[in-house]
Amino acid sequence: MWVEHLLVDLRAARYRPAAWFTYLRRAIAFGRERALANPNAVRSILFVGLVLFLLAVAGSAALALGVDPALGRRAFGWTVLGLVPLITLTLLHVELLRDRDGTPLDALGWPSALTLSRVALVPAFLVFMAAGRMRLGFVVFLFAILSDLLDGWVARRFRQETRFGAILDPLADILCSFWLFVGMSFGGLLPWPALAFATLRTIVLLAGGSLLYVTLGPVHIHSTVPGKMTGLLLTGLVAARLVIAAFDLGGLERSLTPIVTDALVVLLGFTVLYGGTIGWINLRRLRSRHGGARVLTDVRFGA
């Protein structure tokens, strides 16, 4: 939770441990204060949390009745456990519920609710993959992809873009992507280098972005062609690996598994190298720029 007016004091204190503790305490107090000042937004967030809880109950009950009672119970327990920090952190960021012009909003909105639902699916995916239930894991993966497509479309179609959504959506993509590879590793679908590269990729993205924000101030992140292409390729390869594991493809499984797996490892390694390089370039650009908007750019094709 980065609060710019509080980060000013943290920078002045040169990031000493005591200053970090003070910043954290003041940031939580600020989030609580803003939540109390917007009770309608708080009620909307709690309502979304309740809907997600009810969906977890219904889905787990269906699993218990149709597949395995123990599996349904584990999926329910871990999903509810994940909902607690998810909703709590959302409540602490009520201040970000503003439209693009900065006007405060009194409700979470459907796009952000869809994004939260995508994050809420992570525990169930991990449970299914660890239990070797590849088809169930593939179904969860499809729901996550659908929510990812829908939240952006709904935001644009009904003009519900918010500052909260602009931050939540890419953050959810990063976290869901990481846990996706963790789950596939649990299921024995990926070798350890893939998980290592996925972990490094997540660290580069989260730690790099946080470092730029904390040390240099607010930045605007623009997605570009290479980043989108890499994301699409990773999604396609992950889908292919899950399909191979979930369905009986006969001889195709033996032929395709090594190629798809090696391609995932190579592409994940490329994203680590690419992300680190672009982060270093942007850090140099921002440090040499005085005043004006800070915009993180990727490699762009054309003028």
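Helix axes here are lines fitted to C-alpha atoms over the stretch in contact, with angles taken between N-to-C directions. All views show a predicted model.

**View 1. Packing of helix H3 against helix H4.** The axes of H3 (residues 39-66) and H4 (residues 69-91) cross at roughly 170 degrees and come within 8 Å. Angles over 145 degrees count as roughly antiparallel, so H3 is roughly antiparallel to H4. H3 contributes residues including Leu-46, Gly-49, Phe-53 and Val-57, which meet a set in H4 that includes Gly-72, Phe-76, Val-80 and Leu-83. The contact comprises 16 nonpolar and five polar residues, with no charged ones.

**View 2. Packing of helix H7 against helix H10.** H7 (residues 134-157) and H10 (residues 225-246) have axes that come within 8 Å and cross at roughly 155 degrees; this makes the two helices roughly antiparallel. Their crossing is left-handed. On the H7 side the contact is made by Met-134, Arg-135, Phe-138, Phe-141 and Ile-145, and on the H10 side by residues among them Thr-235, Val-238 and Leu-242. Ten of the contact residues are nonpolar, one is polar and one is charged.

View 3. Arg-26 and Asp-9 pair with N and O 2.9 Å apart. Arg-26 lies in H2 (residues 17-37) and Asp-9 in H1 (residues 4-12), 17 residues apart. Arg-26 is partly exposed at 33% relative accessible area, as is Asp-9 at 40%. Glu-4 forms a salt bridge with Arg-11 at 3.0 Å.

**View 4. The Glu-95 and Arg-98 salt bridge.** The closest N and O atoms of this pair are 2.8 Å apart. Glu-95 is partly exposed at 24%, whereas Arg-98 is buried at 16%.

Terms used. Residues are numbered from 1 along each chain as its sequence is written. This is a predicted model: local features need pLDDT of at least 70, side-chain atom pairs count only at pLDDT 80 or more; totals for chains, interfaces and linings use all residues. Side-chain values use heavy atoms; hydrogens and water are left out. Axes are lines fitted to C-alpha atoms, for helices over the stretch in contact, and angles run from 0 to 180 degrees between N-to-C directions. Helices (H or I, at least four residues) and strands (E, at least two) are DSSP runs, numbered from the N terminus. Angles under 35 degrees count as roughly parallel, over 145 as roughly antiparallel, 65 to 115 as roughly perpendicular and the rest as oblique. Contact means heavy atoms within 4.5 Å. Ala, Val, Leu, Ile, Met, Phe, Trp, Tyr, Cys and Pro count as nonpolar, Asp, Glu, Lys and Arg as charged, and the others, Gly among them, as polar. A crossing is left-handed if the near helix is turned anticlockwise from the far one by less than a right angle, and right-handed if clockwise. A salt bridge is a side-chain nitrogen of Lys or Arg within 4 Å of a carboxyl oxygen of Asp or Glu. Buried means under 20% relative accessible area, exposed over 50%, partly exposed in between (1.4 Å probe, protein chains only).
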